[in-house]
Amino acid sequence: MVHLRAQKVAGIKVPDVQVQGDEDADLLIVGFGSTYGHLFSAMKALRKQGKKVALAQFKYINPLPANTEEVLRKYKKVVVAEQNMGQFAMYLRGKIDGFVPYQYNEVKGQPLVVTELVEAFMKIIEE
């Protein structure tokens, strides 16, 4: 039964993940769920500073959108930003062979802070 259920879930058609921002971005920010507003604001702030940045906000994770690997491998640097210990980054690493993203993890019980995101993402861009 477990295998049958897994096959059914894997067969669900979900929309492709969409990327916002620069097509030739130096950094792709990846988020899931309620982080969208903060990550989008951080992307906009970085773009105002002349940085090439893009955002992929996942709405579906099981199954992942069919274009997930293509999107994540397109960018030189990818950071997965989460309000937990990095479960989504770990999940993506397990699903995409050889994928090793940067991680931004916060566990404070409070919303992400855009200025802190911008600072962290700037360090990754400049690395």
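Strand β3 contributes the most to the lining of the largest pocket, supplying three residues. The structure described here is a predicted model. The space in this largest pocket amounts to about 210 Å³. Its lining consists of Pro15, Asp16, Val17, Gln18, Gln20, Tyr36, Leu55, Gln57, Phe58, Lys59, Tyr60 and Pro65. Sorted by class, seven of these lining residues are nonpolar, three are polar and two are charged.

The second largest pocket has a volume of about 160 Å³. A total of 14 residues line the second largest pocket, and Val9, Ala10, Ile12, Pro63 and Leu64 are those nearest its centre. Two or more lining residues come from each of the elements α1 (2-10) and α4 (87-95). Helix α1 gives the most, with three residues. The lining of the second largest pocket comprises 10 nonpolar, two polar and two charged residues.

Helix α2 covers residues 36-48. The buried residues of α2 are Leu39, Ala42, Met43 and Leu46. Viewed down the helix axis, these buried residues fall within an arc of 100 degrees, and they therefore line one face of α2. The elements that cover them include the strands β1 (19-21), β2 (27-32), β3 (53-58) and β4 (77-82), together with helix α5 (114-126). Following α2 is Gly50, which has a positive phi near 90 degrees.

Terms used
Residues numbered from 1 in each chain as written. Predicted model: local features only at pLDDT ≥ 70, side-chain atom pairs only at ≥ 80, totals over all residues. Heavy atoms only, no water. Helix = DSSP H or I, 4+ residues; strand = E, 2+ residues; numbered from the N terminus. Expected span 1.5 Å × (residues − 1). Buried < 20%, exposed > 50% of the residue type's maximum accessible area, 1.4 Å probe, protein only. Arc of directions from axis to C-beta. Contact = heavy atoms within 4.5 Å. 1 Å grid on protein atoms, 1.4 Å probe; cavity = no way out; pocket = protein on both sides within 12 Å on 5 of 7 lines; lining within 4 Å. Points joined across faces, edges and corners; volume = space filled by probe spheres on them. Nonpolar A, V, L, I, M, F, W, Y, C, P; charged D, E, K, R; others polar.
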